[in-house]
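User: Please examine the packing of helices and strands in the model shown here.

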Amino acid sequence: MYKRILVANRGEIALRVIRACREMGIETVAIFSEADRGSAYLDLADEAYCIGSAKSSQSYLKIDRVISVAEVGNVEAIHPGYGFLAENVHFNEICRSCKIDFIGPTPEAMSLLGDKNQARKLARDAKVSVVPGSDGLVDTESQAVQLAEEIGYPILIKATAGGGGKGMRVAANNLVLKSAFQAAKAEAEAAFGNAGVYLEKFIERPRHVEVQILADQHGNVVHLWERDCSTQRRHQKLIEESPAPNLPDSIRQDMCKAAVRLIKKANYSNAGTVEFIVDQENHFYFIEVNARIQVEHPVSEMVTGIDLIKSQIAIASGEKLSVKQSQIQTNGTAIECRINAENPDKNFQPNPGRIEQIIMPGGFGVRLDTHVHAGYTVPPHYDSMIAKLIVHQPSRSEAVGTMLRALEELRIVGISTTVSFHQKVLSHPDFVEGGVDTGFVERTWMS
């Protein structure tokens with residue numbers, strides 16, 4: 001097992017990794033930008049180094065500086081968290097070339113699965129259903145129009161690199177397709193340095209359901225069942241839960257088995273998430289693999305009792321999985337709300353600033369993962385998420401009730417947050433009944 005790990009991230013996920021390391025008796029080295037100087041999570045690390053100015057391009061994304069800190073800090077491994085360099089193949093390769101373990105998959109598996117077009121091909125080879133679409137990248141408007149007419153409208157244009165909804169457009173006819181095609185390519189090039197796009201049949205009113213997996217370096221793969229992440233806005237998740245409500249058990253079983261087949265086919269190791277969309281008839285289709293720990297990992301931890309961060313570290317150090325598939329059962333329901341520093345009444349406009357006061361909720365079955373505190377200034381330079389509120393109860397109805405109570409207790413004074421919006425969502429009949437699809441938020445509150 002490792003003695004010393006660098007946490008190449010900030011905020012909530014850095015704190016989460018540092019806590020796991022401390023419980024495992026592993027020393028930690030943290031990094032921070034000038035904007036994060038004085039952040040409370042730094043106090044828990046054994047050492048902390050400033051690596052640049054507020055902009056992530058001059059700090060958290062500077063590979064040479066991260067590696068320099070790793071060498072000065074004499075670490076054996078780097079945990080990248082999520083975002084920033086977590087799915088950067090080049091960073092992964094450099095870590096390994098410097099004899100520093102990267103706590104995540106191999107560069108080869110990351111590269112393969114990070115290209116959505118190649119991942120679709122791999123899924124087909126693993127006999128995992130994919131959404132009907134192009135066999136490869138689409139280079140020209142005329143080619144896109146011809147394929148769209150063969151597949152049938154509406155059509156979804158998707159960037160082969162990256163995620164977060166960038167490089168993604170929906171077209172209902174040839175005219176819209178032509179303009180959307182160029183816009184998607186331009187956005188993908190700007191966001192990922194890769195203008196490649198492909199086409200898929202647009203599935204109307206789908207659910208977004210994903211499977212958490214763990215795979216060691218000895219060929220063992222298990223799943224930790226599924227999460228429903230359908231409550232989204234502009235392809236960004238807001239609320240996640242496990243298990244997925246109103247999903248037939250046979251579909252749940254088949255989806256999880258499909259995820260394991262795909263991960264084995266990719267020779268993947270460490271934690272990862274296989275994402276699917278589920279149509280109104282409960283047919284599921286593979287969309288992508290996130291080759292890292294995800295924001296919503298706590299809901300899987302709560303229902304299975306398995307610490308995913310500790311599992312990541314153990315796997316990277318060469319240990320075999322400590323559990324077999326037959327031992328992984330789900331218990332109750334867990335729900336997570338992402339608390340963002342945004343103003344829901346102004347189209348979710350980011351609202352950075354100083355937190356004057358914060359009252360944190362508690363009680364049976366309540367967990368709050370956050371790095372903020374009274375007096376903390378939320379910087380404008382990074383993602384707006386400042387906390388994750390998670391509840392776990394024996395039944396879904398109890399979990400919804402507990403989440404509503406916890407949201408009412410959570411008071412953040414000084415900035416606008418999404419707390420009140422989450423209360424609206426959890427009180428809505430469609431959510432209460434477990435009938436939410438990915439367009440629910442935009443249809444109900446943003447149209």
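User: Which residues of α1 meet Leu-308, Ile-309, Lys-310 and Ile-313 in α11?
Analyst: The model is predicted, so local features need pLDDT of at least 70 and side-chain atom pairs pLDDT 80 or more, while totals for chains, interfaces and linings use all residues. Residues are numbered from 1 along each chain as its sequence is written, and side-chain values use heavy atoms, with hydrogens and water left out. Contact means heavy atoms within 4.5 Å. The residues of α1 that meet this part of α11 are Arg-16, Val-17, Ala-20, Cys-21 and Glu-23.

User: At roughly what angle do the axes of α1 and α11 cross?
Analyst: Helices (H or I, at least four residues) and strands (E, at least two) are DSSP runs, numbered from the N terminus. Axes are lines fitted to C-alpha atoms, for helices over the stretch in contact, with angles from 0 to 180 degrees between N-to-C directions. The axes of α1 (residues 11–23) and α11 (residues 308–316) come within 9 Å and cross at roughly 65°.

User: What is the order of the strands in the open sheet?
Analyst: Two strands pair if DSSP finds at least two bridges between them. The pairing in this sheet of 5 strands is parallel, and the order is β3-β2-β1-β4-β5. One side each of β3 (47–52) and β5 (101–102) is left without a neighbour in the sheet, because each has a single partner strand; the edge strands are β3 and β5.

User: Which residue in β2 does Arg-4 stand opposite?
Analyst: Strands β1 (residues 4–7) and β2 (residues 27–33) pair in the parallel sense over 4 bridges. In β2, the residue opposite Arg-4 is Glu-27.
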